[in-house]
Amino acid sequence: MLASRVIPCLLLMDGGLYKTVKFRDPRYLGDPLNAVRLFNEKLADELVIFDISKNRHGRGPDFSLLGKLASESRMPLCYGGGISSLQDIERLVSLGIEKVSLSSVAISNPKIIEQAISVFGSQSIVVTIDVKRKGWLRTYEVSAANASVDTGLCPVDFASRLEQLGVGELIINNVDMDGLMAGYDFTLVRNIYEQANIPLAVVGGAGSLDDVSRLVDEFPFIGACAGSLFVYKGKHKAVLINYPSPEQKNLVLKVRAE
Amino acid sequence: MIGVLDYGLGNVSAFVNLYRRSGIPVQVITKPEQITKASKLILPGVGAFDTAMTRLNQSRLRDSLEKAVLVRKVPILAVCVGMQILSERSEEGVLEGLGWIEGSVAKLSSCDNPKAKYRIPHLGWNSIKIVRASPVFTELNSARFYFLHSYEFMARRSEDVLALTKYTTEFASVVRRSNILGVQFHPEKSHIHGVKLLENFWLEDF
Amino acid sequence: MVKKFKVCVRCVMDTTDSKIRFDERGICDHCLTFEKDILPRWNYGLGKEHYLSELRDKIKITGKRKEFDCIIGMSGGIDSSYLVYIAKEKLGLRPLVFHVDAGWNSPEAVSNIEAMVDKLDLDLHTEVIDWKEMRDLQLAYFKAGVSNIDTPQDHAFFATMYKFAAKYGIRYILTGGNYSTECIRNPIEWMYYQSDSSQLKDIHKKFGSIPLKNFPLCSILWHKVWLPYVRQIKVVRPLDLMPYIQKEAIESLSTEFGWQPYRQKHFESRFTKFYEGHWLPTKFGFDTRKVQLSSLILTAQMKRHEALNILEKPPLSSKEIEIESNYVASKLGIERVVLDEFLNSPNKTRHDYRSQEFIYDWGASVLRGFGLELGGKR
């Protein structure tokens, strides 16, 4: 039976590994190559890597670094950040990146998504939707350019549109819960899960393996992504790459075993 | 030596790295004459059916490849969309497939109700149920692999199906006709079991 | 005049240590120093319960109102892992486990740290060294052609730990250093003092390409004089105050914590594995296993013939050398052929660069004079 996925989410910035809180205050975690290698040794289900460098515009992804990271990993990689053309996507795929994530460009230029799907197939094209709560009603809204631009778009409507375009997977990135380790926002997840009939992954808020367990129990086959949980240890948030052993993961996922 | 076919669509480097780390001689094949040097071949594939066929035809490797596989019976392992192009045709595109294994490719059955579990594409770690023994499965009895696809291979002859995987219904996850093997999953990105399968392909006789 | 190859009849140190001296029985000066200076006072850690209790009480008292009463530097290796266990379970201390991530942690090290911290319910602090600067400094050391290219890691480890203790006013730093497995030290010729910041700065100046802005630096005077005598921050070695048998420690931690052993001491760092497994023996003929195994022989944890057996094979097989060299080159962002060029470059020594060795020599004799350091490095 298909298992839910437990996925470390890593942030790159200027070639280094970082972790944010609410998409701000990046904290240096070290060399990404060692982190990828460690997750590989720990048999992580897959990795999601986002490049949050501010000055990538026009330069595209850091292909050299990504090539090294891909060569270290025997598990699938999903990469997002600075992708603006089909050539970028092609190059990433040839380096060994299975899934390519588009974010801001999905809003500004959805034609590229259609073209990419026709060349690379739905399964290789992912869209990451950054979501923030806005206004005094705390409505969910899609955010762009690393949560620096408000779009006024409703995440559920946007997800439906992307499903119609043929996108293979959606990653819901909760800006408000990022780095807080206080649990996933089930309301947001449920709204999108029940509306868009394509595979979903969620990142933002995981603080423990129990949070992961509750998420996969509630939403079958969802991808449970986490940043802080897999790079920090203990109440002082000491940097230490960690990931559940196969036995621990079975316990976390066993509620969905069939 | 294992030859990994680089026809412009696929993560060639993933296979090369893996075989190198296992100490198995491997080479990337970009020219037809290189095919004769390989004792076994890998046909990778990431992407859509028509793109794969177009790129393969444009690469000028097809003729030498067919001679090697169909005449000299060089063992070949086709991966993901590489496996799908072994068929005659696909719902995903309009071009003809290689037709090396009789059958066609259709969209995975799904359910329109979002509250249902089975969404397309099929993506993640799933197990295979071996229905026909093969040396490629040595020490892989309860193995799990990473799948990432929206279409399935419907083999015309049931004896061409070596393993099934359940997702909504059961679909063919491993197919074989003589020296031609196809796997729907990505062994190059399936950790230990994937490495073992790729090593089995090298070590065993087909 | 080239010395004829000779091995000590008691341990396995030999003339690859160019300063080695033998007495008329063929016993080397390392063994004699152990016999004369170390053993009488260390006594295999026996009969030290009183000192250990005293130390424990002092740590508890000075740390009473603080969140932690001591820091323990933990690499994931057996000595520091065992120390963490003893400190919490046997001495009842409240340590902060301090780990320095220089970018080279092996998977076993990370698992071991996690296992110990989780199961002992300890607090962990990790200091992450700026990778770009560490990488540049390590490359500078390669270009310098000296034997001790692991200085950047070692120096960073101690500098950060001392600075952290000084910043938070933690008066006791516990290290896993011990006579039981380290009564013989690596000769200075093999591993020059990692704390000599003037040599580090000189090598960086000559061969580095980016400034050391975030890299932690400390000087010998700061950590050997200012810290202990002015700030009253003490570095202590509790494993010397008890019988410490390495094999038993490994077995006990494996059973109780799922601790995973390494092939050789210090292999918890991928870089150190390359350094001690290939760079030192291949380029310089310095095999650090001789030092480690000789210590175990002198402390009755290994028989000489067992050590000689181990030394018959190289520390890393040729296949492992390939894997490790490729990994190191890739991680440092250089071509493999460049790394091989470093290996084939002329061998340099500490004398080729600026140093404060005179301070160490002076300091060591003072400390020995006061009985504050037994044996010591030479």
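In this predicted model, chain C and chain A meet through a contact that draws 28 residues from chain C and 21 residues from chain A. The size of an interface is often given as the accessible area lost when the parts come together. For chain C and chain A, the buried area comes to about 2000 Å², with carbon and sulfur atoms giving 53% of that area.

Charged and polar pairings also span the two chains. Five salt bridges are counted between chain C and chain A. One of them joins Asp123(C) to Lys235(A), whose closest N and O atoms lie 3.3 Å apart. Eleven residue pairs are found in polar contact across the interface of chain C and chain A. On the chain C side, helix H4 (107-119), strand E3 (123-128), helix H5 (131-144) and helix H14 (318-332) each contribute at least two residues. The largest share, seven residues, belongs to H4(C). By type, the chain C residues that touch chain A comprise eleven nonpolar, eight polar and nine charged.

Within helix H15 (residues 336-344) of chain C, the residues Leu339(C), Phe342(C) and Leu343(C) are buried. Viewed down the axis of H15(C), these buried residues fall within an arc of 100°, so they line one face of the helix. An α-helix has 3.6 residues a turn, so residues three or four places apart point the same way. The buried residues of H15(C) pack against H5, helix H11 (270-284) and H14 of chain C. Turned away from that buried side, the other face of H15(C) carries the exposed residues Val337(C), Glu341(C) and Asn344(C).

Key: Residues numbered from 1 in each chain as written. Chains lettered and ligands numbered in written order. Predicted model: local features only at pLDDT ≥ 70, side-chain atom pairs only at ≥ 80, totals over all residues. Heavy atoms only, no water. Contact = heavy atoms within 4.5 Å. Buried area = accessible area lost by both parts, 1.4 Å probe. Salt bridge = Lys/Arg side-chain N within 4 Å of Asp/Glu carboxyl O. Polar contact = N/O pair within 3.5 Å; in protein donor to acceptor, adjacent residues only side chain to side chain. Helix = DSSP H or I, 4+ residues; strand = E, 2+ residues; numbered from the N terminus. Nonpolar A, V, L, I, M, F, W, Y, C, P; charged D, E, K, R; others polar. Buried < 20%, exposed > 50% of the residue type's maximum accessible area, 1.4 Å probe, protein only. Arc of directions from axis to C-beta.
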